[in-house]
Amino acid sequence: MKRRSLVLSAMAAAAAVSSPLALAQARPIRLIVPYAAGGPIDVTARLMAERVKDSLGTVIIDNRPGGGGNIGADAVAKAAPDGLTIGISAVATHAINPWLFAKMPYDAGKDFAPITQMVRVPNVLVMNADTAARLKINTLADLIAYGKANPGRLNYGSGGNGSAGHLAGEMFKQGAGIFAVHIPYNGGSPAQLALLSGQVDFNFDNLATAAPNIRAGKLKALAVTTLGRSPALPDVPPVADTLKGFAIDTWWGLVAPAGTPRDVVAKLNSAFVAALQSPEAKTRFAALMAEPVTSSPEEFGRFMKAELTKYEKLVRLSGAKVD
C-alpha cells in the first residue's frame, strides 16, 4: 500500500511538472521589451517583474530594441506558446506599425494572446515656454487662432514619420482647420530637444517624457489628449474640450504568443493584475505620470483591435510610410 502511494505521488508530481503552468513557475519567464533599457516602458516592465516574483517566480527582462519595436514584438510572436515567453505590446507595435510599415514580420491581430493592459500615459500638447510667451499663446484656442491668422507659420516636431506625435499632430491640424509644417526627428528625445531649443513651435509628447520640463517651466502645457483631464495635470484641459472627440493616448500592455493555453494566460493575468493594483505600483507609476490600467485578456484583446482600426485611418491621413 505504501509503495502504491509513493508511485501515485511520483506520477502526480511528474504530471504537474510537465504542465505549462508548472514550468512557468519552475523556470524563469522571459519578458521581451521591444525598446531599449531605461525608458518608461522598460522601467514599468522591471517594476512588474519584481512584483510578480512571488506568484510567478523569476521574470527576466529581455530588451530587444530596433525596427520601431517590430524586432522585439516579432520575437514574442515566434516564441513557443508555453507561458515562458511574454512581451510588451504597445501603441506603436500593435496599432501604428501594421499600417506604417510596408512589410511586417508579424500579424498584430493574430499572432498574440492578450494578457492585460498595463499602462495609459496621456499625451500632451506642449510649446516652448519662451515661444508661447512671445506669440502670446496661453491656451489651445490661442494656438488655433494664431495658426488660422498665420497659415504655414507654425511647425511641430515628432519622433519620426508615423510616430504617435506625428499622428496626433495631423489629427489636431485636421480638427482645428490649420496648417503646420511637420518636422520629423530620429526619436522622441531629439524632437524634445528641438522644442526646448526653439527650433519647433509645439510637439505632442507623452506626459512621462515631457513632465520634468513642464515642471521646470521650460515647456508650456496647453492640453492633454485624454478625453477628460489627467490626474497628473489636473489644471490642463483636454484637447477634446475644444475639438470634440479628440483622444490619442500612449499605452502598453502584456501579450503572449498566440496559442498559449488559456489557463496559462489566466494565471499570468491574475499575477500581473494584482501587481498593477498594488500601492507600490500606483505610487511608482504616478512618478512616471503613468496610470496603471488592468483588464481581462478579452477586454485587452478588444481594446487592441479597436486601436488597430483607429490608427489605420490616422496613418493614412498622415501619408507616412516606411518601406
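Two residues are in contact here when they have heavy atoms within 4.5 Å of each other. With that cut-off, and leaving aside neighbours within four places in sequence, Asp249 is in contact with Val91, Arg120, Val121, Pro122, Asn123, Thr225, Thr226 and Tyr311. Before going further, a word on the model: it is predicted, local features need pLDDT of at least 70, side-chain atom pairs count only at pLDDT 80 or more, and totals for chains, interfaces and linings use all residues. Residues are numbered from 1 along each chain as its sequence is written, and side-chain values use heavy atoms, with hydrogens and water left out.

The mean pLDDT of the protein is 90, and 92% of its residues reach 70 or more. Residues 5–20 are another matter: pLDDT stays under 50 there, and the model has 7 contacts beyond four places in sequence for this stretch.

Now for the sheet. Helices (H or I, at least four residues) and strands (E, at least two) are DSSP runs, numbered from the N terminus, and two strands pair if DSSP finds at least two bridges between them. On those terms there is an open sheet of 6 strands, in the order 2-1-3-10-4-11 and with mixed pairing. Its edges are strand 2 (59–63) and strand 11, each of which pairs on one side only.

On one side, strand 3 (residues 85–90) pairs with strand 10 in the antiparallel sense over 4 bridges, and Ile88 stands opposite Leu254 in strand 10. On the other, strand 4 and strand 10 run antiparallel and are joined by 8 bridges; Pro114 has Val255 as its bridge partner in strand 10. Strand 4 also runs antiparallel to strand 11 (residues 291–292), with 2 bridges between them, and here the bridge partner of Val119 is Pro292.

Strand 4 (residues 112–121) is mostly covered, with 9 of its 10 residues buried. Buried means under 20% relative accessible area, exposed means over 50%, and partly exposed is in between (1.4 Å probe, protein chains only).

Back to Asp249, which is found in the loop between strand 9 (219–224) and strand 10. Asp249 counts as buried because its relative accessibility is 16%. The C-alpha atoms of Asp249 and Ala164 are separated by 8.4 Å, although these residues are 85 apart along the chain.

Thr260 is at 7% relative accessibility, so it counts as buried. Setting aside residues within four places in sequence, Thr260 is in contact with Pro81, Gly83 and Val265. Thr260 and Asp201 are 59 residues apart in sequence and 47 Å apart in space, C-alpha to C-alpha.

Thr93 is found in helix 6 and is buried, with a relative accessible area of 0%. Not counting residues up to four places away in sequence, Thr93 touches several residues, including Pro34, Tyr35, Gly68, Asn70, Ile88 and Tyr106.

A pocket, on a 1 Å grid over the protein atoms alone, is an open set of points where a 1.4 Å probe fits, with protein on both sides within 12 Å along at least five of seven lines; lining residues have an atom within 4 Å of a point. Of its 46 lining residues, the closest to the centre are Tyr35, Ser163, Gly187, Gly188 and Asn206. Helix 6 gives the most to the lining, with 5 residues.

What is the lining made of? The residues divide into 20 nonpolar, 24 polar and 2 charged, where Ala, Val, Leu, Ile, Met, Phe, Trp, Tyr, Cys and Pro count as nonpolar, Asp, Glu, Lys and Arg as charged, and the others, Gly among them, as polar.

How values were computed. pLDDT is the predictor's confidence in each residue, from 0 to 100.
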